[in-house]
Amino acid sequence: MRRADKLKHMQANAYGTYSEIVDEKEVVRISAHEPRCVIHFYHSNFKRCEIMDRHLTKLAPKYSATRFLRVFVETVPWLVQRLGIKVLPCVMSFVGGVTKDRLIGFEEIGNSDVFETAVLELRLSQSGVLQKAEDQLGALSYSIAPASGRNLRTRTVVDDDVFDLDD
């Protein structure tokens with residue numbers, strides 16, 4: 001896919017946002033066909049699901065080459081049963097249609113309602129699901145204009161940060 005086509009696809013499919021999907025077949029389609037996606041299975045009556053929502057809302061615009069979705073468990077009963085989801089919140093990472101990680105509750109991120117977004121970011125990055133748009137589209141290049149008689153230099157900027165500790 002060309003760079004412009006990738007950008008169009010990403011914009012048309014709500015990359016860089018944290019959106020809700022209510023159709024079970026659509027959830028299956030997205031998890032199977034998108035290159036990278038994070039799906040939060042939630043229930044509106046769970047406080048910890050609200051906490052997870054806040055953190056994922058912060059991460060979505062930062063990793064605009066990854067789809068971030070939330071799915072209300074009562075609208076996808078077959079999928080909840082098929083995936084064996086019994087504890088909420090449940091955050092699943094998919095890369096190339098394959099499940100790469102499953103975060104159940106808060107046990108693996110400090111087992112507390114108070115944690116930094118960077119802790120979740122690090123956990124998700126370990127599965128390879130987090131990718132910034134410029135990483136997917138290629139490194140950004142820029143030129144430094146010569147100052148009276150100096151040689152022109154071109155540099156490639158590559159963002160090697162997998163996660164940031166700054167929120």
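Reader: At 16% relative accessibility, does Phe72 count as buried or exposed?
Author: The model is a predicted one. Buried means under 20% relative accessible area. Phe72 has 16% relative accessibility, so the class that applies is buried.

Reader: How many aromatic pairs does a search of the whole structure find, and is the pair of Tyr42 and Phe72 stacked, edge-to-face or tilted?
Author: The search of the whole structure gives 2 aromatic pairs. For Tyr42 and Phe72 the ring centres are 5.4 Å apart and the planes stand at 45°. Planes under 30 degrees apart count as stacked and over 60 as edge-to-face, so the angle of 45° makes this pair tilted.

Reader: How many residues apart in sequence are the parts that Tyr42 and Phe72 tie together?
Author: Tyr42 counts as buried, at 7% relative accessibility. Tyr42 belongs to strand 2 (residues 36-42) and Phe72 to strand 3 (residues 67-72), so the separation in sequence is 30 residues.

Reader: What is the angle between the planes of Phe106 and Phe115?
Author: Phe106 and Phe115 are both buried. Their rings form an edge-to-face pair, with 5.1 Å from centre to centre and an angle between planes of 75°.

Reader: Which residue lies over the face of Tyr42, and which residue does it meet in a salt bridge at 3.0 Å?
Author: The residue over the face of Tyr42 is Arg70, at 3.8 Å from the ring centre. Arg70 counts as buried because its relative accessibility is 19%. Its closest N and O atoms are 3.0 Å apart in a salt bridge with Glu20.

Reader: How many residues apart in the chain are Glu34 and Arg67?
Author: The side chains of Glu34 and Arg67 meet in a salt bridge at 3.6 Å, N to O. Glu34 sits in the loop between helix 2 (24-33) and strand 2, and Arg67 in strand 3, giving a separation of 33 residues.

Reader: Why is strand 4 described as largely enclosed, and which residue in it is the bridge partner of Cys37?
Author: In strand 4 (residues 90-95), 5 of the 6 residues are buried, so the rest of the structure largely encloses it. Strand 4 pairs with strand 2 in the antiparallel sense over 6 bridges. Within strand 4, the bridge partner of Cys37 is Phe94.

Conventions:
Residues are numbered from 1 along each chain as its sequence is written. This is a predicted model: local features need pLDDT of at least 70, side-chain atom pairs count only at pLDDT 80 or more; totals for chains, interfaces and linings use all residues. Side-chain values use heavy atoms; hydrogens and water are left out. Rings of Phe, Tyr and Trp (its six-membered ring) pair if their centres lie within 6.5 Å; planes under 30 degrees apart count as stacked, over 60 as edge-to-face and the rest as tilted. Helices (H or I, at least four residues) and strands (E, at least two) are DSSP runs, numbered from the N terminus. Buried means under 20% relative accessible area, exposed over 50%, partly exposed in between (1.4 Å probe, protein chains only). A charge sits over a ring if NZ of Lys or CZ of Arg is within 6 Å of the ring centre and within 35 degrees of the ring normal. Two strands pair if DSSP finds at least two bridges between them. A salt bridge is a side-chain nitrogen of Lys or Arg within 4 Å of a carboxyl oxygen of Asp or Glu.
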